[in-house]
Amino acid sequence: MSLSGSRTRWVSDFFSYETTKSVVVKSWVVGVVNRGVQLLILAYFVGWVFLHEKAYQVRDTAIESSVVTKVKGVGRYAGQVMDTADYVTPPQGTSVFVVVTKQIRTENQAQGVCPEVRGGVPGVLTGRCVPYNTTLRSCEIQGWCPPEVDTRHPLSSSPIMLEAENFTLLIKNSIRFPLFGFEKTNLPPPGSGIELGRCRFHPQLQPLCPILRLGDVARLAGQDFPVLAATGGVLGIKIGWVCDLDQAWERCLPRYSFTRLDSLARTPAPGYNFRHARYYRWPNGSERRTLIKAFGIRFDVLVYGSAGKFGIVPTLINTVAAFTSIGVVSCGWLGCGSRRKRGHSAVPGTGDTSGGAANRRSAVPAAQPLEGGHQGTRVVP
């Protein structure tokens, strides 16, 4: 065969059209199974893919969020009245903040040398052993003296500011879905029937109120507030925005949920605490400080969400996928075979036992050679 003939044949084969052989099986069992599987596939695409998952929508998960918090409440601690400037840190009202509920204070510390205290803030060892008290001796350190005397047991006799259970937290959350240019805030709009100054969040009665009681946050997270205030911990306030933008603007609403983020299982240092100091100078010019080991509840406001809106491209893609999945359910996919009776041959499932396809009223003759040497395909009508 010449090279030009081979190219001509390749071009002719490339632009040809082929179809698969189709066999009609007249069997109640196969037909019921076939239609049943097709019906299940159709129900899956309609019920789950389109209605539940909303696969006909374009989705935006790149939510942009801003969170501003404000804590209100007055409590007593160690004979002092404390307001938000005393127990909230940092004071800027960010999405992560701490409400201090217990403190261990070491006052009038100055730079110098003193005996080391186990469990306290370490200093630089001088290499000398000095008396700690009348009966004990300890290593000498250089640093801030006197050293901190830490109480190791988290539920010790140190006072706890239990009034914090009734403090309130206002969360102002603004979100934006940049793909659709959609913006909204969690503050109730005017005319919504929610009076911002008096409402308190409740999962059933007031689920949209952005003012939360700290004791309710701990309870909804499955925690006991007095124990949590004594040991410290980390609570998560999750705000979810899952919006269907095919519906009205008012239907896009936040959902609040609560959880404890720090694990208590087999941790060597349960709870949450940190140290900070307040510096000042005496009249003689010497620098002093008050060291504070603070136990408190850290709140992390976490915002997540997604928005969906009708799009022609995902609709067409999933519609084609649905019809393609239905189309692949055929007799060949179900594994239909041929049946033979003694002295007769039958087209599978047709019940034709009168001698096979040769005795039909209109039978297709055997395939004849086609142009180019190809054999045809025998088609059973």
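Biologist: Is Glu 64 buried, partly exposed or exposed?

Modeller: Start with the ground rules. This is a predicted model, so local features need pLDDT of at least 70, side-chain atom pairs count only at pLDDT 80 or more, and totals for chains, interfaces and linings use all residues. Residues are numbered from 1 along each chain as its sequence is written, and side-chain values use heavy atoms, with hydrogens and water left out. Now the burial scale: buried means under 20% relative accessible area, exposed means over 50%, and partly exposed lies in between (1.4 Å probe, protein chains only). Glu 64 has 38% relative accessibility, so Glu 64 counts as partly exposed.

Biologist: Which residue forms a salt bridge with Glu 64?

Modeller: First the rule. A salt bridge is a side-chain nitrogen of Lys or Arg within 4 Å of a carboxyl oxygen of Asp or Glu. Glu 64 pairs with Arg 176, and their closest N and O atoms are 3.3 Å apart. This pair links distant parts of the chain: Glu 64 lies in strand β2 (residues 64–72) and Arg 176 in strand β9 (residues 168–177), 112 residues apart. Arg 176 has a relative accessible area of 29%, so Arg 176 is partly exposed.

Biologist: How are the strands and helices assigned?

Modeller: They are DSSP runs, numbered from the N terminus: helices are H or I with at least four residues, strands are E with at least two.

Biologist: How many salt bridges does the rule give?

Modeller: The count comes to 10. Take Arg 213 and Glu 165, with closest N and O atoms 3.9 Å apart. Arg 213 sits in strand β11 (residues 211–213), while Glu 165 is in the loop between β8 (137–145) and β9, 48 residues apart. Arg 213 is partly exposed because its relative accessibility is 25%. Glu 165, at 26%, is partly exposed too.

Biologist: What is the distance between the closest N and O atoms of Arg 260 and Asp 262?

Modeller: For that salt bridge it is 2.8 Å. Arg 260 is at 15% relative accessibility, so Arg 260 counts as buried. Asp 262 counts as buried at 17%. Bridges can also share partners: Glu 165, Arg 213, Asp 216 and Arg 219 are joined in this way into one network.

Biologist: Now strand β15. Is it mostly covered or mostly open?

Modeller: Strand β15 (residues 287–310) is mostly covered, with 17 of its 24 residues buried.

Biologist: Which strand runs parallel to β15?

Modeller: Two strands pair if DSSP finds at least two bridges between them. Strand β12 (residues 233–244) pairs with β15 in the parallel sense over 12 bridges. There, Gly 240 has Tyr 304 as its bridge partner. Strand β6 (residues 96–115) is antiparallel to β15, over 11 bridges. Val 96 stands opposite Asp 300. Strand β14 (residues 273–281) is also antiparallel to β15, with nine bridges. His 276 partners Ile 292. Strand β1 (residues 57–60) runs antiparallel to β15 with four bridges. Gln 57 faces Phe 310 there.
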